[in-house]
Amino acid sequence: MTPPPSGPVCAGASQYASFPTFSSYVRARGPVLLRTARSLTANPSDAEDLLQTALAKTFMAWERIEDHRALDGYVRRALLNTRTSQWRKRKVDEFVCEELPEPSGLPEPDPAERQVLHDAMWRAVLKLPERQRQMVVLRYYEDLSEAQTAEVLGVSVGTVKSAVSRALGKLREDPELTPVR
């Protein structure tokens, strides 16, 4: 029978090595523990802070930890406990009030301006060739899908896509709609 190797054979075996100092442990296992911390938080900076806190707790207990093969488990438990404590302590700013503090928002557009825009758009649509006009009206005024438009007109979906694309290009170039942009 051969004696066990003196050093780690593979990367996974290093977790069972004995670490003479806390610094050697952090150098050897830090990247793996950081990946664990990143899986617990959405932000990489928060993960680094979380790991630092867990490592500080581990350092404080270093002399009490007898089995250094259990260090990863100790740090992982510290990570989880710290993250849970942070989650529980998060401050939620909710206040009960009689009226909702809704933002005033944007002012309503002038109905006359809306009508001018509507008329200009409709005149531009009427300038389109009949087939393109039909497809634009069905797609955007009647709110049909490409497949439904193709079914109504008896054409393929690809035909609808290409014709609507050409029609929208013409509408973008219409000089009457230039002030709207």
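Figure 1. At 5% relative accessibility, R29 counts as buried. This is a predicted model. R29 forms a salt bridge with D72, and the closest N and O atoms are 2.6 Å apart. D72 lies in helix α3 and R29 in helix α1, so the pair ties together parts that are 43 residues apart in sequence. D72 is buried too, with a relative accessible area of 4%. The structure holds 5 salt bridges.

**Figure 2. The chain as a whole.** The chain has 7 helices and 0 strands. From the N terminus on, its elements run α-α-α-α-α-α-α. The chain counts 181 residues, and 26% of them are buried. Take the contacts between residues at least 6 apart in sequence: 50% of them join residues at least 24 apart. The accessible surface of the chain comes to about 13500 Å². Carbon and sulfur atoms account for 56% of that surface.

**Figure 3. The largest nonpolar core.** This core has 18 residues. Which residues touch the most other members? They are Y25, L51, V75 and L79. Helices α1 (22-40), α2 (44-60) and α3 (71-89) are the elements that give two or more residues to this core. L79 shows how the packing works out around one member.

Figure 4. The structure holds 4 aromatic pairs. The rings of F22 and F59 have their centres 5.2 Å apart and their planes at 65 degrees; the cut-off for edge-to-face is over 60, so this pair is edge-to-face. F22 is in helix α1 and F59 in helix α2, 37 residues apart, and the pair links distant parts of the chain. F22 counts as buried, at 16% relative accessibility. The rings of Y25 and W62 have their centres 6.2 Å apart and their planes at 45 degrees, so the pair is tilted. Y25 lies in helix α1 and W62 in the loop between α2 and α3, so this pair ties together parts that are 37 residues apart in sequence. Y25 is buried, with a relative accessible area of 0%. W62 is buried as well, with a relative accessible area of 9%. Ring pairs link F22, Y25, F59 and W62 into a cluster.

**Figure 5. A network of salt bridges.** The network links R123, K127, D174 and E176. R123 forms a salt bridge with E176, and the closest N and O atoms are 2.4 Å apart. R123 lies in helix α4 and E176 in the segment after α7, so the pair ties together parts that are 53 residues apart in sequence. R123 is partly exposed, at 40% relative accessibility. E176 is also partly exposed, at 27%. The side chains of K127 and D174 meet in a salt bridge, 3.3 Å from N to O. K127 lies in the loop between α4 and α5 and D174 in the segment after α7, so the pair ties together parts that are 47 residues apart in sequence. Buried or exposed? K127 is exposed, with a relative accessible area of 53%, whereas D174 counts as buried at 7% relative accessibility.

Figure 6. In α5, the residues Q132, M135, V136, L138 and R139 are buried. The buried residues of this helix pack against α4, α6 and α7 (157-173). T149 has its place in helix α6. At 0% relative accessibility, T149 counts as buried. Not counting residues up to four places away in sequence, T149 touches M135, L138, R139, L144 and V160. Y140 also lies in helix α5, but Y140 is partly exposed, with a relative accessible area of 44%. Helices α4 (111-126) and α5 each supply at least two residues of the patch.

Figure 7. D143 lies in the loop between α5 (130-141) and α6 (146-153). Most residues other than glycine have a negative phi. D143 is not a glycine, yet has a positive phi of about 60 degrees. D143 counts as exposed, at 65% relative accessibility.

Note on methods
Residues numbered from 1 in each chain as written. Predicted model: local features only at pLDDT ≥ 70, side-chain atom pairs only at ≥ 80, totals over all residues. Heavy atoms only, no water. Helix = DSSP H or I, 4+ residues; strand = E, 2+ residues; numbered from the N terminus. Buried < 20%, exposed > 50% of the residue type's maximum accessible area, 1.4 Å probe, protein only. Core = buried A, V, L, I, M, F, W, Y, C linked by side-chain atoms within 4.5 Å. Contact = heavy atoms within 4.5 Å. Areas by Shrake-Rupley, 256 points an atom, 1.4 Å probe, with all protein chains shown as cover. Phe/Tyr/Trp six-rings, centres within 6.5 Å; stacked < 30°, edge-to-face > 60°. Salt bridge = Lys/Arg side-chain N within 4 Å of Asp/Glu carboxyl O.
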